[in-house]
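Open the model in a viewer and keep the sequence panel at hand. The stops below are given in the order in which to select them.

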Amino acid sequence: MGSAILGARNLTGCEHRLALDFAPREELAAAVSAEETAEAQRRIEAAQAHRREVLATIHERRLAESAGGGPDVRWIDDGPHRERVAATREAMDAGVGWILAATLPTDSDRGRRGHAEVLIRDGDGYLPVIIVNHRVTTRISEPRDDETATLQTSPLGSWRPEPDATRSLRGQRRDVMRLAQIAAMLDDLGALSTDRRAAVGGLVGLDADCTVVIPLGDVVDDYDATLARRRAIADGEIATAPRRVSECRSCHWWPQCEKQLVAARDVSLVVGGNQGQVLREAGILTIDALAGHRGPQPADWAGAVPFDDAVVSAKCWVGDIPLVRRSERPRVARADIEVDVDMESFGERGAYLWGTLLTDTTEPSRPVRYRPFVTWEPLPTDDEGRSFAEFWAWLMTERSAAHAAGKTFAAYCYSQHAENRWLRGSADRFGHVPGVPSRRTVDAFIASKEWVDIFEAVGATFICPRGKGLKRIAPVAGFAWRDDEAGGEASMEWYAAAVGLDGTPRDESQRARLLEYNEDDVRATKVLREWIAGDAVLELPLAADLLGR
């Protein structure tokens with residue numbers, strides 16, 4: 001057997017990252033650091049803080065519920081791994097009802113390690129509960145009958161699972177795999193509450209308002225196969241190679257992988273996921289081979305990206321072409337009164353800033369005004385509801401005024417997935433705050449023709465060989481951000497300093513920096529959509545011309 005010991009994190013994500021993480025350091029490029037990126041480290045620290053807060057709440061509730069009733073709850077103290085394992089085993093042997101911050105003994109034979117934020121006594125054994133720093137359920141606007149609800153939840157700090165018709169699960173495979181690993185380890189110790197195929201676990205998300213019940217029986221075979229394959233990769237028994245995937249954006253190995261992929265002109269730089277695998281199976285391994293392809297598309301080609309788009313993207317890489325028009329004359333929705341909107345959020349904790357830019361196209365002399373709606377109270381906070389209510393009231397006032405004046409109105413964002421999520425989420429979470437609209441009102445606005453996604457317009461208008469992100473596309477239209485470090489990852493660090501998340505004094509300069517960054521984002525959206533509607537865009541080549549049609 002190999003020597004790799006895998007934690008739950010190693011069970012999902014990029015297989016090549018796993019191989020690099022476990023490779024002997026002398027085999028790796030000397031210039032590459034295995035340290036986490038600043039963004040990844042921030043997420044780790046935020047998750048740790050969230051777990052501590054939730055555990056403290058559970059601990060307090062268990063103490064209150066079991067006052068004078070025996071050994072109901074025990075929090076395992078920090079310390080060396082061996083001491084935490086011993087304390088956990090002692091608590092299990094004593095039959096403690098709730099064991100917090102539990103650590104299981106490393107399973108060297110099967111190559112795995114694990115810990116659970118909570119172990120709950122159930123019958124003669126325990127079931128695992130984990131705490132994660134992302135949302136795990138979505139509120140349902142029109143709840144189903146209890147009889148048709150498939151999701152079960154329990155109040156936080158107790159274990160009374162019941163059907164929950166008010167929520168749907170936002171499942172993530174990594175959470176289920178972690179619970180499956182803990183359950184398997186408990187089973188090997190003879191401490192699982194039931195047979196593995198009947199086992200359940202608990203999942204507490206960012207909102208920490210309940211524990212979601214996760215059935216684990218259906219993933220037993222998947223977990224066992226995944227563990228075996230992942231351990232073989234970590235032990236060097238299965239070879240891997242770099243491929244560009246979404247995970248690369250935050251991976252500490254990306255600088256090394258990117259150099260290798262660029263040097264090889266790997267086709268995954270243009271086409272990723274299953275489509276990239278189809279190309280490799282068809283013998284199309286490089287960007288140049290894809291650009292020069294003259295035959296039919298591979299028989300197994302399927303997915304969101306049409307094969308012709310993939311070929312054009314490859315030709316753009318070869319010819320260093322930033323964008324290609326799909327049609328002779330690109331179109332984008334315009335209006336008399338135009339409002340560009342950009343939201344800033346801090347991970348899963350909330351949306352602290354709604355930035356707006358109002359343009360009256362019927363009165364060119366009227367100043368274009370940037371107006372932010374912001375809370376500087378650390379998220380999560382009800383003050384987020386106050387700032388959102390003010391944003392919504394202002395937006396609807398401008399909309400109504402345009403209609404009253406007989407003018408058309410449109411609000412624009414770039415990639416509505418993020419804005420829509422927080423529009424709906426704010427309505428759901430802050431319905432008690434004066435001025436916050438109902439979920440139905442928000443949904444009606446999102447569905448209207450007056451809410452325009454420029455990201456979708458870009459996708460419909462252009463083939464974008466290097467991505468459709470605003471930072472990629474707006475510079476082609478001539479826009480430049482004032483801050484060279486502007487970006488989503490950097491803004492997280494700025495926000496942490498701006499509100500003093502780490503207990504440090506609040507940095508007013510970072511607040512100004514965030515507002516400038518947000519203003520630039522809405523101005524970039526304005527510049528981009530006006531460029532699409534203008535004549536300069538006609539200088540870009542046509543896709544049909546590149547394809548020779």
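Which residues does Pro541 touch, not counting residues up to four places away in sequence? Select Pro541 and show its surroundings: Ile321, Leu323, Val324 and Arg325 are the residues it touches on that count. This is a predicted model, and the tour reads it as such. Pro541 has its place in the loop between helix H16 (508–533) and helix H17 (543–546). Its relative accessible area is 26%, so Pro541 is partly exposed.

**Into helix H16**

Next select Asn518, which is found in H16. Is Asn518 buried or exposed? Its relative accessibility is 0%, so Asn518 counts as buried. Leaving aside neighbours within four places in sequence, show its contacts: Asp342, Met343, Glu344, Leu353, Gly355 and Tyr370. A distance line from Asn518 to Gly190, C-alpha to C-alpha, spans 54 Å, and the two residues are 328 apart in sequence.

**Strand E12**

Move to Ser345, in strand E12 (residues 337–345). With a relative accessible area of 19%, Ser345 is buried, because the cut-off for buried is under 20%. Beyond its neighbours within four places in sequence, Ser345 is in contact with Gly350, Ala351, Tyr352, Trp422 and Met492.

The largest nonpolar core has 41 residues. Which of its residues touch the most other members? Select Ile99, Leu119 and Leu186 to see them. Then colour the elements that give two or more residues to this core: helices H1 (15–22), H3 (81–93), H4 (173–188) and H5 (220–234), and strands E2 (98–103), E3 (115–122), E4 (125–131) and E10 (211–215). H4 supplies nine residues, the largest share.

Centre on Leu186 and show its contacts, leaving aside neighbours within four places in sequence. They are Met92, Leu104, Leu119, Tyr126, Pro128, Ala191 and Leu192.

**Backbone exceptions**

Most residues other than glycine have a negative phi, and most peptide bonds are trans.

- Select Leu379 and Pro380: a cis peptide bond joins them, with omega about -5°. Pro380 is in the loop between strand E14 (369–374) and helix H10 (383–404).
- Select Ala101, in strand E2. Its phi is positive, near 60°, although Ala101 is a residue other than glycine.
- Select Ser415, in the loop between strand E15 (409–413) and H11. Ser415 is not a glycine, yet its phi is positive at about 75°. At 24% relative accessibility, Ser415 counts as partly exposed.

**H11 against H12**

Show side chains on both helices. From H11, the residues that meet H12 are Gln416, Asn420, Leu423, Arg424, Ala427 and Asp428. From H12, their partners are Arg439, Val442, Asp443 and Ile446. By class, this contact of H11 with H12 has four nonpolar, four charged and two polar residues.

**H10 against H12**

At what angle do H10 and H12 pack? The angle is about 50°, with the axes 14 Å apart. H10 and H12 are therefore oblique to each other. H10 passes H12 in a left-handed crossing.

For the contact itself, select Trp392, Leu395, Met396 and Arg399 of H10, together with Thr441, Val442 and Phe445 of H12. The residues of this contact of H10 with H12 divide into five nonpolar, one polar and one charged. Val442 is listed in the contact of H12 with H11 and in that of H12 with H10, and the tour ends on that residue.

Key
Residues numbered from 1 in each chain as written. Predicted model: local features only at pLDDT ≥ 70, side-chain atom pairs only at ≥ 80, totals over all residues. Heavy atoms only, no water. Core = buried A, V, L, I, M, F, W, Y, C linked by side-chain atoms within 4.5 Å. Buried < 20%, exposed > 50% of the residue type's maximum accessible area, 1.4 Å probe, protein only. Helix = DSSP H or I, 4+ residues; strand = E, 2+ residues; numbered from the N terminus. Contact = heavy atoms within 4.5 Å. Nonpolar A, V, L, I, M, F, W, Y, C, P; charged D, E, K, R; others polar. Axes fitted to C-alpha atoms, helices over the stretch in contact; angles between N-to-C directions. Parallel < 35°, antiparallel > 145°, perpendicular 65-115°, else oblique. Left-handed = near helix turned anticlockwise from the far one by under 90°.
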